[in-house]
Amino acid sequence: MVKIGNIELGEFPLLLAPMEDVSDPPFRAVCKINGADLMYSEFISSEGLIRDAIKSRQKLDIFDYERPVGIQIFGGDEEPMAMAAQIVEAANPDLLDINFGCPVKKVTCKGAGAGILKDIPKMVKLTEAVVKATKLPVTVKTRLGWDDDTKNIEEVAQRLQDVGIRALTIHGRTRTQMYKGHADWTLIGKVKNNPRIHIPIFGNGDICTPEQALNAREKYGVDGVMIGRAAIGYPWIFNEIKHFLATGKHLPPPTVEERVKVCKQHLRHSISWKGDVVGILEMRRHYTNYLKGLPHIKEFRAQLVTCNTASAIESVLDAVALQYKDHIFERTMAPMAGSEGTAIQTERELACGIAD
């Protein structure tokens, strides 16, 4: 049984990555239904929380059906991060996570996210300040190091454990790699198998299939894996991995009826949380992923992103289900981040950690 503090997560938990503009409560709801064991909020600026910024405060919203759920914060200074930790604690999540992995320049230039990997003593002091400021279990998500010459994750893991973190998630790339190439799990495995390490170690990066999750468990011994991009428009990935780990067999891909059903659930949660206008507008980014693999779907997608009412959207989705009711989805491996043939990611996608 993997535990973070008193939170029991099962034998090999599957974590939903914190992704900006993606990992909101509506998206987390459909991932929870489909097998996610632990989920995180979008990352929240410590400075934004202290300023009482509306967008930052809204990201503190959590619901009982999501639990266990963690809130993730980022920042580069001890006092604001400690203050933010106290604000987070008042929102009553199950744990607090610190983002030391975001590689985007606008974050790293302030010494936050992966920017702090240039200053490990400061990283340790900041973490200690957060741990002391809250009664919540504190976890950290970070990278192997700043660049190929500073892959110091083994030292970092020990020092962060020594100041009180309760679990560590490691993305298998350096900051300079951003999301290019393939994640290197070798050092993640070394951290997990270090006899000094006694906290759970979760691996992150390029987990897109059940086979990759099995390899992470068997070859590198991690306590669980964190999944990001592979869950967007495909929350079934969690239950598919669990079934494969338990039986060695694949679940059949979700039918078009199942995809439409979950897409509708996502839409209704979005409207419930954000209101009709914003809920419908922000849901538009998800339709392409839910309908991926359906041939000649362009016309339906065009309708979905122009409809302005829930009833109209659901009517289009019903038409999709009827039109493609006999379609058989092929099981294909999702492309790894940075692999040949994948689209170049935008700065926004990098900020989200969508390749995780």
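This briefing describes selected features of one protein model, grouped by topic.

The model is a predicted one, in which local features need pLDDT of at least 70 and side-chain atom pairs count only at pLDDT 80 or more, while totals for chains, interfaces and linings use all residues. Residues are numbered from 1 along each chain as its sequence is written, and side-chain values use heavy atoms, with hydrogens and water left out.

Helices (H or I, at least four residues) and strands (E, at least two) are DSSP runs, numbered from the N terminus. A residue is called buried under 20% relative accessible area, exposed over 50%, and partly exposed in between, with a 1.4 Å probe and protein chains only.

- Strand β6, residues 69-74, is mostly covered, since six of its six residues are buried.
- V69, I71 and I73 point one way from β6, whereas G70, Q72 and F74 point the other way, and all are buried.
- Two strands pair if DSSP finds at least two bridges between them, and strand β4 (residues 38-40) runs parallel to β6, joined to β6 by two bridges.
- Within this pairing, Y40 has G70 of β6 as its bridge partner.
- Strand β5 (residues 44-45) also pairs with β6 in the parallel sense, over two bridges, and here I44 stands opposite I73.
- Strand β7 (residues 95-100) and β6 are paired in the parallel sense over four bridges, with I73 standing opposite I98 of β7.

**Backbone details in the loops**

- The peptide bond that leads from R67 to P68 is cis, with omega near 0 degrees, and P68 lies in the loop between α3 (54-58) and β6.
- N92, in the loop between α4 (78-90) and β7, has a phi near 65 degrees, which is a positive value in a residue other than glycine.
- With a relative accessible area of 48%, N92 is partly exposed.
- D206, in the loop between β10 and α9, also has a positive phi, near 70 degrees, in a residue other than glycine.
- D206 counts as buried, at 5% relative accessibility.

**Salt bridges**

Side chains of opposite charge can pair when their charged atoms come close. A salt bridge here is a side-chain nitrogen of Lys or Arg within 4 Å of a carboxyl oxygen of Asp or Glu, and the structure holds 18 of them.

- K132 and E128 form a salt bridge in which the closest N and O atoms are 3.4 Å apart.
- Because K132 and E128 are four residues apart in helix α6 (residues 120-133), they are separated by about one helical turn.
- K132 counts as exposed at 67% relative accessibility, whereas E128 counts as partly exposed at 30%.
- K192 and D223 form another salt bridge, with the closest N and O atoms 2.9 Å apart.
- K192 lies in helix α8 (residues 186-192) and D223 in the loop between α9 and β11 (224-227), so this pair ties together parts that are 31 residues apart in sequence.
- D223 is buried, with a relative accessible area of 15%, while K192 counts as partly exposed at 22%.
- The side chains of E218 and R217 meet in a salt bridge at 2.8 Å, N to O, where E218 counts as exposed at 54% relative accessibility and R217 as partly exposed at 28%.

**Surface patches**

Patches are made of residues with over 30% relative accessible area and no salt bridge, with like charges joined within 9 Å and nonpolar side chains (Val, Leu, Ile, Met, Phe, Trp, Tyr) within 5 Å. Accessible areas come from the Shrake-Rupley method with a 1.4 Å probe, and for residues only the protein chains shown count as cover.

- V277, V278 and L281 make a nonpolar surface patch of about 260 Å².
- L281 is found in helix α12 (residues 276-283) and counts as partly exposed, at 45% relative accessibility.
- E47, D77, E78 and E79 form a negative surface patch; Lys and Arg count as positive and Asp and Glu as negative, while His and the chain ends are not counted.
- The place of a charge is taken as NZ of Lys, CZ of Arg, CG of Asp or CD of Glu.
- E47 has its place in helix α2 (residues 46-51) and is partly exposed, with a relative accessible area of 35%.
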